[in-house]
Amino acid sequence: MAEVEKKEVAAATPPWKPKPRPIVRLGIVLISHSLLVSVVCCTAGVVALFLLPMLAKNTYISENALMPGSASSMLSNDDISEAERLAKDLTSLNSGAADAGIERRRVLAKYLSDLGVEVGYHKFEPHQNQFHPLHFFSSPDSGLSRENGSCSSYGINVVGIIRAPQADGKEAIVLVTPFNFRKNSSSEALSISIGYAVFSLLSRVTWLAKDIIWLVADSQYGEYASVASWLRDYHIPVFSASSSHNADSCFEGNNINLLREESLDRTEISSGFRRAGTMAAALVLKVTDVKGQLEDTLSVYAEASNGQMPNLDLINVVNYLAVHRQGLRVKVEKFLSVLRWEWIWVLGDTLNFIGKVAGSLNPEWKFGISTPDYVEGTATLANSLYRQALGIPTGPHGAFRDFQVDAITLEISPKVVYTNQGRRNEFILRSARLIEGVVRSVNNLLEKFHQSFFLYLLTSPAKFVSVGVYMIGFALLVAPLPLVAASLYVDANKPDPSSQGPKHKLQINFKPWKWLSAAKQVFTVHAWGVFVSLLPYFISQIPNSTPAAHSIIWFSLSTFGLLVLYLITKSHSKPQKGEWENLKSVTISVVFIGLLLMSVVNFATAQIGALVLVPACLLAQPLKLDIRDASLKSFLRIACNVFISFVAFPPVGFFVLKGVNEGFGDMDVGEFWTWLESLWAWNSATYIYIGMVHLPCWVLCLHILLHSC
């Protein structure tokens, strides 16, 4: 009898179910409260972005072996006088003469040969960056035009190499000085004086542990083109017989043989391409005439292709030596328009007040920042973020990063045009000592730069935001995306409560075919994005066409292609329940994946894209539902959706950004095409992001807004 009762009790007792793990329960709670999580995370992400200037840390030297400023300068007045004599010899030649460029190269080679260093000429054909879809993700050399050019289109670089007496020639330091041999420029002659003063000193010292290469880049076809051509030949030798024959046929036209025969003995001028060791670092030196300078200024340019940055230690060494040894004012580029935004000043005052209150409560809470410092840091941070997102190098140093060489461009601007010889010599001495100090620090390295950061944003020459800090804002912005996607999928697949009995527990009714239908629409739109990304290559082949005409043709063909896809894939059946939720869920998932992938390639592009796409995706809801609801919240959502959809359209976003920075006075449709052309010409990953991630997701959000639910 007892056994029968036990069996009846066991049958009446429901089977024991194990409790879900804490991480699963946490996920369920977050998904069920996805709206609250989205508001909190997105708000925190934007706030974290505006707090970055406050969270910036002072720069410091991570690599102890660098030891900047530990040795006294060895430059003397004799070095400066000899460098000035070279500059006078170069500028005294008549620029209008046909052989002025040949004479200047001969003079420079003679001075270098007198130092006892190896001298050579590097002849190159300037290649134009051209967009080709098959070469976009290949090596830096593969996407360049290889057509046969005329002999007059060749440039000639002058190269000097110092072999280190204390090393085996496995490493080298590169100094680059752009110089147009066909023109007579006082600023370029001044940069030649600085470079020669340093090079002449290094040719005599005995402490060199790395070879020194001085590249006087022929800048008549552009500074970047001459440096990039030399680097390609340095790292990727060309053994093609056809290219060799084409080059040799133009020797006489470019007078390289004439340079070797008439200026020096053949043994002193190298007939082949001379190389040194692996490049440890590179410095590009330029002197510019900028009016209105109150003091001698050093501008540092570090951004390379696709947001690549040199090791922060290289910038730190330059900044330390320039400020604390040579008394130069160091600056990095900033958005000047940000300095005129009144709300940024109000925000700076607010943060300054909060910092003072926090400091009064606890002296250890030292996170306050003055209002001018905050505004300056925001302007510099915005420029650093934009330049990295653009993916276009800011100087010839960008060619070195393509070969994983740390390099920066140093642009020195004297406060006045020095007519007094004493003041001019003083400027050359200070600038040359700066370069000497940087070379000595890099010379001390036992291995490549690796101690400091490669991923960072600058808020000033002496402050930076590391990757561990600025990733927080991006992570907060994208964190709600998978939660909202899961929540929408759950809501779209819930059965109708009216069809359930009163005691029946609600369950999710999964229907994979609904998800596949939404995925098919998303895939179709992204295929259209690929088509739109490839169109400019074919449109650019149209002869005698203006950028404005290119823009109109591109927009027309893109719109026509989208309409064709819509008519092909349009479903004539009645919209089903949960259709737009599934579409939005898949769209958000794709945006999440695209932003994460882009953050690996170019974080700055992903950060700016998240600021636009995340609100657009989270707020997207059929306007028909909001109009039917007719509440204040619905009308606010309609206004936000219309505004974000308008600004998120790439051409509109470009002109808004341009208008904020430069004013809305002069606007030309062709400017967007020119900007986009520069992106694909430089193989910027931002171009791929705009065409294959941002634009398709914008179209999908627009489709959700116009959905006939």
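Q: Leaving aside neighbours within four places in sequence, which residues is Thr288 in contact with?
A: Thr288 is in contact with Ser187, Glu411, Ile412, Ser413 and Pro414, where contact means heavy atoms within 4.5 Å. This is a predicted model, so local features need pLDDT of at least 70 and side-chain atom pairs count only at pLDDT 80 or more, while totals for chains, interfaces and linings use all residues. Residues are numbered from 1 along each chain as its sequence is written, and side-chain values use heavy atoms, with hydrogens and water left out.

Q: Where is the place of Thr288?
A: Thr288 is in the loop between β7 (278–287) and β8 (297–301). Helices (H or I, at least four residues) and strands (E, at least two) are DSSP runs numbered from the N terminus.

Q: Is Thr288 buried or exposed?
A: Thr288 counts as buried because its relative accessibility is 17%. Buried means under 20% relative accessible area, exposed over 50%, and partly exposed in between, with a 1.4 Å probe and protein chains only.

Q: What does the side chain of Thr288 make a polar contact with?
A: The partner is the side chain of Ser413, at 2.8 Å. A polar contact is a pair of N or O atoms within 3.5 Å; within protein, one must be able to donate a hydrogen and the other to accept it, and residues adjacent in sequence count only if both atoms are side-chain atoms.

Q: Salt bridges next. How many does a search of the whole structure find?
A: The search finds 20 salt bridges, each a side-chain nitrogen of Lys or Arg within 4 Å of a carboxyl oxygen of Asp or Glu.

Q: Which side chain meets that of Glu223 in a salt bridge?
A: That of Lys286, at 3.2 Å from N to O. The pair links distant parts of the chain, with Lys286 in strand β7 and Glu223 in helix α8 (residues 223–235), 63 residues apart. Lys286 counts as buried because its relative accessibility is 17%, whereas Glu223, at 23%, counts as partly exposed.

Q: And which side chain meets that of Glu411 in a salt bridge?
A: Lys286 again, at 3.7 Å from N to O. Here Lys286 in strand β7 and Glu411 in strand β10 (residues 407–413) are 125 residues apart, and the pair links distant parts of the chain. Glu411 has 15% relative accessibility, so this residue counts as buried.

Q: Which residues do salt bridges that share partners join into one network?
A: Glu118, Arg163, Asp211 and Arg274.

Q: Are Cys41 and Cys42 buried or exposed?
A: Cys41 is buried, with a relative accessible area of 14%. Cys42 also counts as buried, at 16% relative accessibility.

Q: Which residues form a nonpolar patch on the surface?
A: Phe353, Ile354, Val357, Leu361, Trp365 and Phe367 form one, with about 610 Å² of accessible area together. Patches are made of residues with over 30% relative accessible area and no salt bridge; like charges are joined within 9 Å, and nonpolar side chains (Val, Leu, Ile, Met, Phe, Trp, Tyr) within 5 Å. Accessible areas come from the Shrake-Rupley method with a 1.4 Å probe, and for residues only the protein chains shown count as cover.

Q: Where in the chain is Ile354?
A: Ile354 is in helix α13 (residues 342–361), and at 42% relative accessibility this residue counts as partly exposed.

Q: What about Ala616, which residues does that one touch?
A: Not counting residues up to four places away in sequence, Ala616 touches Ile644 and Cys701. Ala616 lies in helix α22 (residues 603–619) and is buried, with a relative accessible area of 11%.

Q: Back to the chain as a whole: how many helices and strands?
A: The secondary structure comes to 27 helices and twelve strands. Of the 709 residues in the chain, 48% are buried. The chain exposes about 34500 Å², and carbon and sulfur atoms supply 62% of that area.
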